[in-house]
Amino acid sequence: MGVITYEHEVPSSIPPARLFKSFILDADNLIPKVLPGPLRVSKSLRETAELAPSRSQYKSAKHRIDGIDEENHIFKYSVIEGDVLGDALDSISYVVKVEAGPHGGSVCKTTSIYHTKKDDHHITEDLIKAGKEKAKAIFKAVEDHLHAHPHDYNH
């Protein structure tokens, strides 16, 4: 069994509290709004969620929430089942931290830990980057929505 760690940062002009509240705490409501089309998100996101995105080669991913620290804007979760893991992965763990950025914005820092089934896996940095680009598109759609609706998620 192997472990691959990948770190990724995305800057945003949205303040940390607002970004965390929308993109993390209300993701099960907001993401289907900003990415219309067939997307099934369980309302029990805090325990386990199953996603069936239409814009992906994958049909499902089951997530487990490992921790939420609202005060410090930290969200920990793991992908524990689904075809997104393929034959090579046992699970993927994520730590997402939204920190203050320049000019009142924020920086969304993500650490991804890929737990492989074998040491001789085919998980490459290019595969990881491709997945991060898809996540970045969702992030951008949320950010665009927040700019278009400046009063949402301010309380």
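Trainee: Which residue in the turn of the hairpin made by strand 3 and strand 4 has a positive phi?

Mentor: Keep in mind that this is a predicted model: local features need pLDDT of at least 70, side-chain atom pairs count only at pLDDT 80 or more, and totals for chains, interfaces and linings use all residues. Residues are numbered from 1 along each chain as its sequence is written, and side-chain values use heavy atoms, with hydrogens and water left out. Helices (H or I, at least four residues) and strands (E, at least two) are DSSP runs, numbered from the N terminus. The hairpin has four residues between its strands, and the turn residue with a phi of about 60 degrees is His73.

Trainee: Which residue in strand 5 stands opposite Ser78?

Mentor: Strand 4 also pairs with strand 5, antiparallel again, through six bridges. In that pairing, the residue across from Ser78 is Ser93.

Trainee: How many residues are in the largest nonpolar core?

Mentor: A nonpolar core is a set of buried Ala, Val, Leu, Ile, Met, Phe, Trp, Tyr and Cys residues joined through side-chain atoms within 4.5 Å. The residues with the most contacts inside the largest one are Leu19, Phe75, Ile92, Tyr114 and Val142. Several elements supply at least two residues each, among them strand 1 (2-12), strand 6 (106-116) and helix 3 (125-148).

Trainee: How many of the ten residues in helix 1 are buried?

Mentor: Buried means under 20% relative accessible area, exposed over 50%, and partly exposed in between, using a 1.4 Å probe and protein chains only. In helix 1 the buried residues include Leu19, Phe20 and Phe23. Helix 1 is mostly covered, with a buried count of seven.

Trainee: Which helices do the buried residues of helix 2 pack against?

Mentor: The buried residues of helix 2 are Ala27, Asp28, Leu30, Ile31 and Val34. They pack against helix 1 and helix 3.

Trainee: How far from Asp26 is the nearest side chain of opposite charge?

Mentor: Asp26 sits in the loop between helix 1 and helix 2. Lys and Arg count as positive and Asp and Glu as negative, with His and the chain ends not counted. A salt bridge needs a side-chain nitrogen of Lys or Arg within 4 Å of a carboxyl oxygen of Asp or Glu. Asp26 is buried yet has none, and the nearest opposite charge, Lys33, is away by 5.9 Å.

Trainee: Is Tyr153 buried or exposed?

Mentor: Tyr153 lies in the segment after helix 3 and is in contact with Asp26. Tyr153 has a positive phi of about 65 degrees, though it is not a glycine. With a relative accessible area of 17%, Tyr153 is buried.

Trainee: And is His103 buried or exposed?

Mentor: His103 belongs to the loop between strand 5 and strand 6, and its phi is positive too, about 60 degrees. Most residues other than glycine have a negative phi. Because its relative accessibility is 85%, His103 counts as exposed.

Trainee: What percentage of the 155 residues is buried?

Mentor: The protein has three helices and six strands, running β-α-α-β-β-β-β-β-α from the N terminus. Across the protein, the buried share is 39%.

Note on methods: Pairing = 2+ DSSP bridges. Contact = heavy atoms within 4.5 Å. Lists of a residue's contacts leave out its neighbours within four places in sequence.
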